[in-house]
Amino acid sequence: MIFVDACFGKKTAHTPVWMMRQAGRYLPEYMKVRTEVGDFLSLCRNPPKACEVTLQPIDILGVDAAILFSDILVIPMEMGMELKFIKGEGPLFPTPIKTQEDIDALTVEKAAEKLDYVYETIKLIRKELDPEIALIGFCGSPWTLATYMIEGQGTKTYAKVKKEIYTNPAKMHSLLRKVTDTLKIYMSNQIESGADVVMLFDSWAAALEEDIYFEFSWDYMKEISAFLKAKYPHIPVIMFPKGISAFLDRIDGDFDVFGVDWSTPIELAKEKLGDRYVLQGNMEPTRLYSKDAIKEGVEKIVKVMKNERHIFNLGHGILPDVPVENAKYFIKTVQEQTKI
Ligand code: CP3
């Protein structure tokens, strides 16, 4: 598989390329399936339909990897929290975590078991997908998930969750411990079901100051990756802590690929981490609105990475109103420009 080879730093015929959120609302084919099924969470819980939308970007855009269609928030949901997706507003946990008793009530093994619809989806995708194309499984980082669990929704200030860190660190660690333990089982199950690569999304990494970031987020992510690498050395692990370019000197751990977000200069990531990790990223997603901006963005990154130890991607998810034609142009441009 070209994508797995690239994750391990091997030379490939071209630099593999995919996009975060590649299965989603910018595709009319996705909207059709979502409307048929009803809502987003029902789609996540419907293995044949989740499999269908996972495969859409492979057929439509020709990307070099598939990513499981699901969401990071199914973990807190199956640990016992009610989850709603409000149209136009994003995810909502109506009863967020407040007390130690709320944390104690969350399940670990049972949550991982209840996620059988995800494992079923992975098995179906692996059956249908071209054997040369890798399937990426994923989860959110313990810190990013804990943020949603305590804030109840997206936040600008992170006041509630950060208040827990500074006023009650032991309680915060007990929540992160439970989420970490669940994720270890969940990611193992994804791999056993057929995921060829796994990726950890730390979307809210940039909310924390340096030492606190390492104590409350990175150390837990590292624990999960070390656990997975010891158990499944042949499965590449991708880490994506978004927005922490100031802390690159302190990044370490047993994983294979470092996901570079669009705000981090790729030259800087290469200088600090390029010898130790393959880099993934990092075109600014808004460039997808203009073909000229796409061409320029791809050229700039190719010039730095030189088709070595690199996986092409956006530096965060594709936006819902990007023209499909431009997304196709991005994929084609990367594949042509990096061909050896
Ligand atoms: O194509 C893929 O990348 C695979 C599927 C995937 C989704 N969410 C589908 C989705 C993945 C990998 C995610 C990860 C995810 N989910 C993250 C981490 C990555 C990141 O973006 O930083 C986060 C923070 C979430 C939480 C989440 N899910 C939010 C904030 C939202 C609402 C915002 C939005 O874009 O509407 C979702 C919903 C969601 N997850 C959609 C999709 C396709 C949109 C649902 C819809 O209306 O159909």
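## One turn of helix α2

Why are glutamate 36 and lysine 32 separated by about one helical turn? The two residues sit four apart in helix α2, which spans residues 28-37, and so about one turn of the helix lies between them. Please keep in mind that this is a predicted model.

Glutamate 36 and lysine 32 form a salt bridge, and their closest N and O atoms are 3.4 Å apart. Lysine 32 counts as exposed because its relative accessible area is 56%, and exposed means over 50%. Glutamate 36, at 47%, is partly exposed.

## Salt bridges across the structure

Side chains of opposite charge can pair when their charged atoms come close. Searching the whole structure turns up 19 salt bridges, and a few of them are worth a visit.

Let's look at lysine 171 and glutamate 164, whose side chains meet in a salt bridge with an N to O distance of 3.1 Å. Are these two residues buried or exposed? Both lysine 171 and glutamate 164 are buried.

## A link between distant parts of the chain

Another salt bridge joins lysine 272 to aspartate 249, with 3.2 Å between the closest N and O atoms. This pair links distant parts of the chain, as its partners are 23 residues apart. Lysine 272 belongs to helix α13 (residues 266-273), while aspartate 249 lies in the loop between β6 (237-241) and β7 (257-259).

How exposed are the two partners? Aspartate 249 has a relative accessibility of 59% and therefore counts as exposed. Lysine 272 has a relative accessible area of 29%, which makes this residue partly exposed.

Which residues form the negative surface patch? The patch is made up of Glu109, Glu113, Asp116 and Glu120. Two helices, α7 (109-114) and α8 (116-128), each contribute at least two residues to the patch.

Technical notes: Residues are numbered from 1 along each chain as its sequence is written. This is a predicted model: local features need pLDDT of at least 70, side-chain atom pairs count only at pLDDT 80 or more; totals for chains, interfaces and linings use all residues. Side-chain values use heavy atoms; hydrogens and water are left out. Patches are made of residues with over 30% relative accessible area and no salt bridge: like charges are joined within 9 Å, nonpolar side chains (Val, Leu, Ile, Met, Phe, Trp, Tyr) within 5 Å. Accessible areas come from the Shrake-Rupley method with a 1.4 Å probe; for residues, only the protein chains shown count as cover. A salt bridge is a side-chain nitrogen of Lys or Arg within 4 Å of a carboxyl oxygen of Asp or Glu. Lys and Arg count as positive and Asp and Glu as negative; His and the chain ends are not counted. The place of a charge is taken as NZ of Lys, CZ of Arg, CG of Asp or CD of Glu. Buried means under 20% relative accessible area, exposed over 50%, partly exposed in between (1.4 Å probe, protein chains only).
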